[in-house]
Amino acid sequence: MEYRPLIELHGDLNFSLMIQKPFRHALELLQSWQQPNGGFPYHSGEEARPDATAWAIISMSAYEFDPESCNRGRAYLASQQADDGRVSIALSHPEASWPTPLAIFAWESFPQYQEAQSRAVDYLIGFTGRHFPTPDLSIIGHDTAILGWPWIADTHSWVVPTSLALLALQVVGLSTHPRAIAGQQMLINRQLTNGGWNFGSTTVFRRELHPLPECSAIALQALAGTTPIREVKRSLDYLLPELPHLRTPISLGWALLGLGAWGLKPANTEELARASLQLQERYGPYPLPSLALLLCAVKASHGLHSLFRSLPQETPASSTRN
Amino acid sequence: MTTPPTYTEQPTLSRRQLLQACLVGGGLAVSGFSLLHWLTGPRLTAQTFIGQAKIYEADLANLIRQGFQELGITPLEIKGKRILLKPNLVEPHQSLSHINTHPLVVRGAVEAFLSLGAASVVVAEGPGHRHDTLLVLEESGLADVLYEDRIPFQDLNIMDGVVMPNLGGQTRMASLTFPRIVKEVDWVVSLAKMKTHHWAGATLSMKNFFGVMPGNYYGWPKNVLHQAGIPQSILDINATLKPHFAIVDGIIGMEGDGPIMGTPVQSGVLVMGRNLPAVDATCCRIMGINPDKIEYLRKADQWLGPIHESLIEQRGESWRTVHRPFALVPEIPAHQGLRSSQL
């Protein structure tokens with residue numbers, strides 16, 4: 001597997017000092033939540049979680065902020081990895097393996113974690129949701145047989161975990177792997193007729209469900225670079241007018257990334273992100289993954305991929321996987 | 001942390017008494033249900049309260065307090081207790097307020113519990129379809145109420161879990177993972193919405209607890225529970241969680257293709273009670289649904305609570321006076337055969 005740095009490199013060693021105040025403050029805040037075991041929690045003082053830890057690493061690395069803290073976070077993630085390569089939400093709940101793609105992001109470009117990352121990738125490739133022939137199109141409108149990824153083992157595949165898995169395969173250069181191709185087809189199949197994505201159903205009893213901005217944005221992010229724009233235009237047309245109304249970090253963060261991945265990152269991104277950060281005065285501190293996602297969205301010039309040195313490419317090593 | 005169900009003590013019959021009873025068969029037709037009680041021993045009974053409110057801007061806190069009084073819930077019982085209110089916010093969309101428990105019902109419940117001396121009231125939810133919980137709060141309108149009233153909120157989807165043995169035994173799940181907060185409060189209250197449901201028939205106070213189960217462990221949607229069986233999971237969750245109270249928002253409910261795509265219907269009621277199967281059965285009657293046809297209610301009957309009308313003491317309005325049949329969809333299998341022939 002080819003190594004690529006996680007971050008966009010900047011020549012200025014003092015880059016971290018150039019980070020604008022609200023974003024620097026956010027980075028310092030999430031850094032301060034790191035626990036002695038290297039992991040990060042959702043909120044200060046809580047137990048560390050793999051997904052929160054991965055997001056902390058991705059965002060801090062993107063800003064070249066405290067590499068030592070990131071390294072300790074990567075070690076924590078490795079300590080949470082099961083023998084089969086999965087990284088679950090808790091060791092006590094191996095079936096909840098949806099954070100595995102996030103760990104793949106966090107380990108990207110670090111040779112000491114190549115083996116851990118490779119095992120995680122192998123796990124993803126061998127892992128799928130519960131799929132079955134579509135029983136009756138008048139009841140369930142999507143193709144239930146196309147392989148994707150579930151949130152939890154032995155359940156159906158849904159939009160967000162499939163998108164995360166696709167992104168992880170793309171980051172390690174497996175965007176043309178058969179599982180990645182199937183995942184893209186699955187997302188296209190789950191796209192709503194009028195644009196956007198729900199959590200993963202299209203029609204139920206012939207009624208089309210409502211699109212959700214957070215699911216639509218992450219699906220757009222996952223399909224960028226591998227799908228012709230004509231196939232998702234209606235979803236871009238749905239999400240773009242939604243953007244000015246999005247204030248919460250998950251939906252805004254993914255919307256900025258998803259649109260950015262298609263070259264549509266708005267010029268006022270930082271303004272939107274600052275407004276979102278200010279909402280914490282109303283709602284209290286955001287959970288770490290939300291905060292980190294927002295920071296990534298500010299930093300990424302063209303979607304999540306641009307936090308990596310190069311766009312996903314096949315490599316000789318990765319192309320041998322099947 | 002549970003409120004024990006009420007048993008109606010009925011003397012059991014001796015064989016001689018049973019024979020004598022059979023000999024007076026003419027009387028059996030009149031009092032057949034009483035004889036059934038005699039034959040089967042103690043029966044679970046419960047009280048429910050129906051309060052009318054035509055609009056959300058009514059004094060809902062006062063209506064809920066009135067319900068407390070009718071149901072024998074006193075300040076002495078509530079004083080010092082930590083209350084968790086679990087609204088139904090499965091998939092809010094702006095301008096579609098009939099999907100969710102209305103924010104003013106949440107406000108009214110908070111005020112009512114605090115006025116009886118509750119030590120704390122926290123609102124908590126793990127939305128079933130959306131992992132952006134903050135957006136759920138904003139789109140549902142609940143965020144404004146929480147902020148204005150300084151009511152704390154907890155996102156159950158990302159809360160650390162506590163594993164509890166499955167006391168229901170209806171699914172293959174040996175244990176259930178609840179958010180830790182259920183161990184840190186004294187009362188768990190279902191603040192549900194009155195809706196039809198295209199998989200379960202109706203979603204009321206018992207089904208509302210799907211939203212308690214953290215998405216981190218059960219997914220978005222809570223597909224683990226779907227795979228395990230929806231009626232069975234409802235029973236397992238309720239049998240294990242042992243909730244203390246329910247308030248169902250039927251001021252504007254949802255008929256047709258619920259729980260998301262249905263249409264608004266005004267019933268103008270809040271339905272309340274300590275026993276959730278009894279509350280849900282009463283809601284069904286208001287909705288023109290035979291509760292005995294709802295699988296999870298039928299299975300809950302005389303295990304988690306009563307669902308038969310004769311065993312539910314009605315306080316406040318009679319369900320017959322607020323009866324307003326909810327539209328059912330003939331093409332939806334879970335709706336077929338639900339219509340009640342009562343009235």
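Is B:Ile158 buried or exposed in this structure? B:Ile158 counts as buried, because its relative accessibility is 16% and buried means under 20% relative accessible area, exposed over 50% and partly exposed in between, with a 1.4 Å probe and protein chains only.

1. Basis of the note. This is a predicted model, in which local features need pLDDT of at least 70 and side-chain atom pairs count only at pLDDT 80 or more, while totals for chains, interfaces and linings use all residues. Residues are numbered from 1 along each chain as its sequence is written, chains are lettered from A and ligands numbered from 1 in the order in which they are written, and side-chain values use heavy atoms, with hydrogens and water left out.

2. Surroundings of B:Ile158. The residue lies in the chain B loop between β5 (153-155) and β6 (161-165); strands (E, at least two residues) and helices (H or I, at least four) are DSSP runs numbered from the N terminus. Neighbours up to four places away in sequence aside, B:Ile158 touches A:Tyr42, A:Pro287 and B:Asn216, where contact means heavy atoms within 4.5 Å. B:Asp236 is 78 residues from B:Ile158 along the chain, and the C-alpha atoms of the two are separated by 21 Å.

3. Chain A as a whole. Its secondary structure comprises 14 helices and four strands. Chain A is as compact as a globular protein of its length, because its radius of gyration of 19 Å is close to the 20 Å that the globule rule gives for 322 residues. That radius is taken over C-alpha atoms, and the rule is 2.2 Å times the number of residues to the power 0.38. Along the principal axes, the C-alpha atoms of chain A fill a box of roughly 55 × 45 × 35 Å. Of the 322 residues in chain A, 61% count as buried.

4. Of the chain A contacts between residues at least 6 apart in sequence, 67% join residues at least 24 apart. The 23 positive and 28 negative charges of chain A have mean positions 4 Å apart. Lys and Arg count as positive and Asp and Glu as negative, with His and the chain ends not counted; each charge is placed at NZ of Lys, CZ of Arg, CG of Asp or CD of Glu.

5. Chain B as a whole. Here the secondary structure comes to 13 helices and 13 strands. Of the 343 residues of chain B, 59% count as buried. Among chain B contacts between residues at least 6 apart in sequence, 75% join residues at least 24 apart. The accessible surface of chain B is about 12700 Å², and 53% of it belongs to carbon and sulfur atoms.

6. Nonpolar cores. A nonpolar core is a set of buried Ala, Val, Leu, Ile, Met, Phe, Trp, Tyr and Cys residues joined through side-chain atoms within 4.5 Å. The largest has 204 residues, and those with the most contacts inside it are A:Trp254, B:Leu85, B:Phe113, B:Met194 and B:Phe245. Apart from it lies another core, of nine residues, including B:Val90, B:Ile99, B:Ile260 and B:Met261. In soluble globular proteins, nonpolar side chains tend to be buried together.

7. A:Trp254 and A:Leu102. Beyond four places in sequence, the residues touched by A:Trp254 include A:Trp55, A:Leu164, A:Leu167 and A:Glu214. A:Leu102, in helix α4 (residues 100-107) of chain A, counts as buried at 1% relative accessibility. With neighbours within four places set aside, A:Leu102 is in contact with A:Asp51, A:Ala54, A:Trp55, A:Ile58 and A:Leu164. Backbone features of chain B. The peptide bond from B:Trp220 to B:Pro221 is cis, with omega near 5°, and B:Pro221 is in the loop between α9 (215-218) and α10 (223-228). A cis bond, with omega near 15°, also joins B:Gly258 to B:Pro259. B:Lys242, which is not a glycine, has a positive phi of about 55° and is partly exposed, with a relative accessible area of 31%. Phi of B:Gln302, a residue other than glycine, is positive as well, near 65°; B:Gln302 is partly exposed, at 25%.

Technical notes
Areas by Shrake-Rupley, 256 points an atom, 1.4 Å probe, with all protein chains shown as cover.
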